[in-house]
Amino acid sequence: MKNTLKDIIEKNKIREQQYVAQRQAEIDNPLTKDNRRDFLKKTALGGLSLSALMGLSIEDTMAETTKNVRRASAPSDLKITDLRYAHTAVMGGTAILRIDTNQGIYGLGEVRDGADPKYALMLKSRILGENPCNVEKIFKIIKQFGGQSRQAGGVCGVEMALWDLCGKAYNVPAWQLLGGRYRDSVRLYADTPEASSPEEQMKLIKYRTEEQGYTWLKMDVSIGEIMDIPGCIVNPEIFKMGKSQWQGGYMSYANTAHPFTGVQITEKGLDELAKIVDHVRGMVGYEIPLSTDHYGHFDLNNCIRLGQALDKYRLAWLEDMVPWQMWEQHKTITTALNTPTTTGEDIYLLQYFKDLIDNHAVDIVHPDLASSGGLLETKRIADYAEEKGISMAMHQAGTPVSFMANVHCAAATQNFLALEHHSVDVPWWEDLVTMTGGGKMIDKGYAPVPLDAPGLGIELNEEVVKAHLHPSDNSYFAPTDMWNDKRSHDRTYS
C-alpha cells in the first residue's frame with residue numbers, strides 16, 4: 001500500500017511539474033498577449049512564483065498554496081471595479097463600454113447604435129463589486145432597466161462585456177461559454193442602403209459581391225424612392241410633415257405607426273418598386289439570397305399588395321413590414337405571401353418574441369443582440385424558435401465590438417442563417433479593433449470564428465478609436481464616478 005501511495009505521489013509530482021512548466025512556457029512565449037501573461041502570473045497557484053514550485057512534491061505544493069494565498073488572484077475572486085465608455089462616430093453615435101476589475105483584466109461591450117450611453121451608466125451602481133463571471137445573475141439584476149429597442153442598449157452592452165471578461169478569466173472563447181460552436185465561420189449579409197439612381201445601386205452591389213465577396217445581400221425597397229414619380233403614392237400630403245420614415249416631429253409621418261398614415265401605393269407605384277428589385281435581381285442573379293427592408297409606413301393591405309408584387313423575385317425575406325408589436329398583422333401578412341417574413345431587431349427579451357414564434361407570425365426571427373438581451377438571451381431566443389421550426393438571422397449595425405459578440409452567438413446557434421454587416425462602406429471600421437488570435441475579422445463575406453482567443457477575441461486599437469469619436473463627446477473612457485452610488489430601491493414587487 002505504501003509503495004502504491006508513493007507511486008501516486010510521484011505521478012502527481014510529475015504532473016504538477018508539467019503543469020507548472022506549461023504555464024511558464026506560455027508566459028515566456030513572445031506571442032502571449034500582455035493581458036494574458038499578467039493574468040497567468042496573478043493566477044499561478046495563489047500568486048506564488050512558478051519557478052519556486054518546480055521540483056516540489058504535490059503535498060509540499062499544496063502546503064505552500066495554503067500559505068499567504070492572494071484571495072484576489074482567481075476568477076472566483078474577480079470583482080467589478082469600474083464602468084466607462086468611449087462614444088464612437090459609428091452609425092451616428094455608438095458607445096463602446098469597458099468594465100474593469102480588481103485583477104487588471106477588463107471586458108468590452110457596446111450600447112446599441114443611436115442609444116444614449118446613460119442607459120449603461122445608470123447600471124454601474126448595480127454591478128460594482130459583483131463577480132463578472134456570474135453573468136446570468138448580473139443580467140437578472142439589471143434586465144429590469146432595459147426597454148424595447150435602444151432602451152435595452154445599456155443592459156445588452158454590459159452583458160456583452162461580462163462574457164468578454166469571463167472568457168478572458170477562464171481563457172476560453174465566448175462561444176465555448178455558450179455551449180460550444182456549430183460552425184467555424186459565420187455567414188454575413190451586406191446591407192445595401194438606398195441609392196439615388198440604379199447606377200449608384202449597381203455600384204454599391206458590385207463592390208459587395210465582386211470586390212468584397214459577399215454571398216448574401218439586403219436592399220431597401222422604399223416608397224421614398226418613388227415619391228417624386230407622379231401617380232405612385234396616394235396621400236403624399238403626409239410626407240410634408242416629415243419627408244421620410246426616419247426624421248420628423250412627434251406627429252410626423254416618421255413617428256406615425258404604419259396602420260395610421262393613410263398612405264397607399266398605386267398599381268403604378270407597385271410596378272416602379274418591382275422594377276427596382278428586378279434591376280438588382282438581374283444584376284446579381286438568383287444564386288445570391290436577396291433580403292429587403294425599409295418599405296415605409298403604410299397599412300396591412302398595402303404590405304400584402306407589395307409583398308405579392310415582389311413574390312416572383314424569390315426574396316430571402318421581407319423585413320419589419322409592420323411594427324413588431326402587431327403580431328396578428330404579421331401573421332396575416334405571412335399567411336398571404338410566399339416570400340418569407342421577419343421582424344425582431346427592436347425586441348427586448350425572449351418573452352416578447354414568444355407571440356411571434358408560438359403563432360408562426362413570421363418565418364424568421366431577426367434579433368439585434370444589442371437590443372434583444374445580449375449573447376445568452378439571444379441564444380435562448382434562437383433555441384426557442386428552433387423548437388418551433390423557425391430560423392434566425394441577426395441584425396447588427398454597430399462597431400466591431402457588438403459585431404464580434406454576434407459572431408460568437410451565431411457560432412453557438414444551430415438555426416442561424418446570416419448576420420448583418422452595416423458598415424461595409426466605412427474604410428476604418430475594421431481597424432477599430434485588433435483580433436487577439438490573429439487572422440481576419442471578415443474574409444470574403446464570412447466572419448471566421450475565433451477558435452482560441454479568449455472572450456470576444458478583440459482588443460481596441462486606441463489610436464483609431466480616438467480618431468473616430470463622436471463630435472458630441474470626444475472623451476475616451478473618462479472617469480464615471482458620478483454613477484457609482486445607487487440612489488433608488490429597485491425591487492419591482494412589495
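Hi everyone, one term before we start: Ala, Val, Leu, Ile, Met, Phe, Trp, Tyr, Cys and Pro count as nonpolar, Asp, Glu, Lys and Arg as charged, and the others, Gly among them, as polar. What you see above is a predicted model, where local features need pLDDT of at least 70, side-chain atom pairs count only at pLDDT 80 or more, and totals for chains, interfaces and linings use all residues. Residues are numbered from 1 along each chain as its sequence is written, and side-chain values use heavy atoms, leaving out hydrogens and water.

Let's begin with the largest pocket. On a 1 Å grid over the protein atoms alone, a pocket is an open set of points with protein on both sides within 12 Å along at least five of seven lines, a cavity is a set where a 1.4 Å probe fits but cannot get out, and lining residues have an atom within 4 Å of a point. Points are joined across faces, edges and corners, and a volume is the space filled by probe spheres set on them.

The largest pocket has a volume of about 1,100 Å³. Of its 36 lining residues, Gln-245, Trp-246, His-294, Glu-345 and Asp-346 are the closest to the centre. The lining holds 10 nonpolar, 14 polar and 12 charged residues. Domain 1 (80-172 + 478-483) and domain 2 (177-455) each give at least three residues to this lining; those bounds come from an automatic or database domain assignment.

Now, how many cavities of 30 Å³ or more does a search of the whole structure find? The search finds 1. The largest cavity has about 40 Å³ of space. Among the residues lining it are Val-135, Phe-139, Glu-159 and Arg-380, and the lining divides into 3 nonpolar, 1 polar and 4 charged. Both domains give residues to that lining, so the largest cavity lies between them.

Finally, a helix pair, with helices being DSSP runs (H or I, at least four residues) numbered from the N terminus. The axes of α12 (residues 300-310) and α13 (residues 327-336), lines fitted to C-alpha atoms over the stretch in contact, come within 10 Å and cross at roughly 25 degrees. Angles run from 0 to 180 degrees between N-to-C directions, and those under 35 degrees count as roughly parallel. Helices α12 and α13 are therefore roughly parallel to each other.

Note on methods: Helix = DSSP H or I, 4+ residues; strand = E, 2+ residues; numbered from the N terminus. Parallel < 35°, antiparallel > 145°, perpendicular 65-115°, else oblique.
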